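Trainee: Please take me through this structure, one question at a time. I would like to hear how each term is defined as we go.

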Amino acid sequence: MERPDVRFARAADGAYLAYQVLGDGPTVLFWQEDTMAMVDELWESPQELAWHEGLAAFARVIIYDRRGTGLSSRNVAPGSLEVQVQDTLAVLDAEGIERAVFGGFLESGATNALLAATRPERVQALVWALPVPSPTSDEGYPWGVDDDYLVKERAIVERWGTEGWAREFVELNANWLGGAWSTESYVHFLARASRRTCTPDVAKELTRIWLETDVRDVLPAIQAPMLMLSYADERDLLAYIADRMQRTETYLLPGDTMEFEDFPPMHDAIRRFVGAERAPVGLDSVLATVLFTDVVGSTQRAAEVGDARWKELIAAHDARAKAELERFHGVFVDSTGDGLLARFDGPARAVRCARAIAEAVRPLGLEVRAGCHTGEVELDGEHVRGLAVHIGARVAAMAGAGEVWTTSTVRDLTAGSGLTFEDAGEHELKGVPDRWRLYRVTA
């Protein structure tokens, strides 16, 4: 395969995103890389080159270096899932591509999952090799890494960029990496690639973001078909994912470690999957973050100032709130009389918008409470319906003056965004099944 030139896209905030286009097949396959930057680096590794060459034999493959890594802008913070989705779309837009198949190994599939759920019109299908919807375990989900692994992972990242780190990384993951990845030549490549990817402080932040990321609640909102490739002893995890999604297919590797000889049948499985004829994905429902705001003590305040002045205050409130919605790219859905309902395709922007609205209306002598929840909603023009809307309203009602409360789903999808949360405990939400873990945004 001829080595293509490096290209650059511009993200919404001006960051440069380095990418390459491999092959010229009829299907566009956007292959998300893991933490390691692969633009210009994959050509130095027989293992990485063999994988990407196999994909490029039947597809137009796009790879890019995440912001903060590799040849992309290094003077910016690593991106949260929400930012990675936006950056992925920026690369597609730079190539003039409307829809694509999105694939990746391990943690890189989380970005694709959020993209498919929030922007279904851009996604033809998904390919997730060795899927990991959450890296850590809890009750009902025993497939995350154990505490011993987490301790070792955090310890070896202290030696990021060295051959000692590379060797320990290969040893730590020997349960799924085959013999071709245990060679001295691959250790040398991995050490060199890690140094060219980022500095140790960025590597630590990328590790933290990944360990806090959880897309399990995103899976039911994905309408695109997904091919999962994994080992036979991961059948229970694959079944867990399939139970939560609408359309999945599975390819099982013959052994329990990744080997060079596994590549051709894996490539063939992907080729057949992406080339199959399927009904188009429906666009009447998406994963969205709903935001409710409400003026605290509105009845008492209206009585104090009188009807005419109250009408002026609410008009000023609405104008300032809508200005913040526009700034954070939210969609105004409806007025609630003394508050609003809006939706966002990114949870972090919804939370930041809620805080900005609270600050914007405070000079009017008004205090607002706000609630955010991420879930699947039915679209009817600009209006939204569904259980997620009711949950958002109930969460907002729990908040105090000047507070923004969220569900755990919002918190799980904003790792790396800079937002911090305080556990507000479990609560019953009127008219909503089960008890819900809620969080108060603190900064």
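Mentor: Happy to! Let us begin with contact, which means heavy atoms within 4.5 Å. The model is predicted, so local features need pLDDT of at least 70 and side-chain atom pairs count only at pLDDT 80 or more, while totals for chains, interfaces and linings use all residues. Residues are numbered from 1 along each chain as its sequence is written, and side-chain values use heavy atoms, with hydrogens and water left out.

Trainee: Leaving aside neighbours within four places in sequence, which residues is Q84 in contact with?

Mentor: Q84 sits in helix α2; helices (H or I, at least four residues) and strands (E, at least two) are DSSP runs, numbered from the N terminus. Q84 is buried at 7% relative accessible area, where buried means under 20%, exposed over 50% and partly exposed in between, with a 1.4 Å probe and protein chains only. Setting aside neighbours within four places in sequence, the contacts of Q84 are Y64, R66, G79 and T111.

Trainee: At what angle do helix α2 and helix α3 pack?

Mentor: Axes are lines fitted to C-alpha atoms, for helices over the stretch in contact, and angles run from 0 to 180 degrees between N-to-C directions. Helix α2 covers residues 81-94 and helix α3 covers residues 108-118, with axes 9 Å apart and a packing angle of about 75°. That makes α2 and α3 roughly perpendicular, since angles under 35 degrees count as roughly parallel, over 145 as roughly antiparallel, 65 to 115 as roughly perpendicular and the rest as oblique. The angle you asked for is about 75°.

Trainee: How many disulfides does the structure hold?

Mentor: A disulfide is a pair of cysteine sulfur atoms within 2.5 Å. C372 is buried at 0% relative accessibility, and the closest cysteine sulfur to its own, in C353, is 8.5 Å away, too far for a bond. The number of disulfides in the structure is zero.

Trainee: Which residues touch the most other members of the largest nonpolar core?

Mentor: In soluble globular proteins, nonpolar side chains tend to be buried together. A nonpolar core is a set of buried Ala, Val, Leu, Ile, Met, Phe, Trp, Tyr and Cys residues joined through side-chain atoms within 4.5 Å. Of the 58 residues in the largest one, those touching the most other members are W31, V61, V127, L229, M258 and I270.

Trainee: How many residues are in the second, separate core?

Mentor: This core includes A11, A116, M228 and Y240. Its residue count is 44.

Trainee: What is the phi of H329 near?

Mentor: H329 is in the loop between α11 (307-327) and β10 (331-335), and it counts as exposed at 58% relative accessibility. Its phi is positive in a residue other than glycine, with a value near 60°.

Trainee: What separates the C-alpha atoms of R301 and G365?

Mentor: R301 is in helix α10 (residues 298-305) and is partly exposed at 24% relative accessibility. Not counting residues up to four places away in sequence, R301 touches W310, L313, L364, G365 and L366. R301 and G365 are 64 residues apart along the chain, yet their C-alpha separation is 9.3 Å.
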